[in-house]
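Dear colleague,

My notes on what was found in it follow below.

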Amino acid sequence: MARYLGHNVGVSAGLTSGQIDLFHENDADVLLIHNGFNDATGYDNGVNEAKEVIDLANELGAPDGVAIFADIEPTYPVDAAFIEGWYDEIKAYNFEPGIYSVFDSGSDLVNTF
């Protein structure tokens, strides 16, 4: 089951501890996704977005080693520095960094990645 961490007004409602309990009671895994941004450029921005989502994951009791994905939509500006900042910060807190997106050939994200 894929769920977003945190609320993104007009876009998505964030995962709750009650939902986590329900998923685990039914032996379902949860894919954690962060979509609270629309600019995937700059190392510091990647670090800051990671810090925000790490706090949300910790509030929900996410265990070490869980993957957390940054949702980079095809229309978002993106650069390698953001991905590096995201990766470095997520890894520093014992989570696994990932990118959730549309990986179309020739897209800015694919070219950057």
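A residue is called buried when its relative accessible area is under 20%, exposed when that area is over 50%, and partly exposed in between. Glutamate 96, with a relative accessible area of 35%, is therefore partly exposed, and lysine 91, at 33%, counts as partly exposed because its value also lies between those limits. These two residues form a salt bridge with each other, in which the closest N and O atoms are 3.1 Å apart. The count of salt bridges comes to one.

The chain averages a pLDDT of 84, and 83% of the residues score at least 70. Among the elements, α3 has the highest mean pLDDT, at 95, whereas helix α4, which covers residues 108-112, has the lowest, at 62. Where pLDDT is low, the predicted coordinates should not be read in detail.

As for the overall layout, the chain has four helices and four strands, and from the N terminus on these elements run β-α-β-α-β-α-β-α. Of the 113 residues in the chain, 34% are buried, and the accessible surface comes to about 6,300 Å², of which 48% belongs to carbon and sulfur atoms. When contacts between residues at least 6 apart in sequence are considered, 73% of them join residues at least 24 apart.

The largest nonpolar core has 21 residues, and those with the most contacts inside it are Phe37, Ile68, Ile72, Phe82, Trp86, Ile90 and Phe95. Helix α2 (43-59), strand β3 (67-72) and helix α3 each supply at least two residues of this core. Leaving aside neighbours within four places in sequence, tryptophan 86 is in contact with a set of residues that includes His34, Val47, Ala50, Val53, Ile68, Phe69, Pro97 and Ile99.

One further residue deserves a look, namely asparagine 94, which lies in the loop between α3 (80-92) and β4 (96-101). What is the phi of asparagine 94? The angle is near 65°, a positive value in a residue other than glycine. Most residues other than glycine have a negative phi.

With kind regards

Terms used: Residues numbered from 1 in each chain as written. Predicted model: local features only at pLDDT ≥ 70, side-chain atom pairs only at ≥ 80, totals over all residues. Heavy atoms only, no water. pLDDT = per-residue confidence, 0-100. Salt bridge = Lys/Arg side-chain N within 4 Å of Asp/Glu carboxyl O. Buried < 20%, exposed > 50% of the residue type's maximum accessible area, 1.4 Å probe, protein only. Contact = heavy atoms within 4.5 Å. Areas by Shrake-Rupley, 256 points an atom, 1.4 Å probe, with all protein chains shown as cover. Core = buried A, V, L, I, M, F, W, Y, C linked by side-chain atoms within 4.5 Å.
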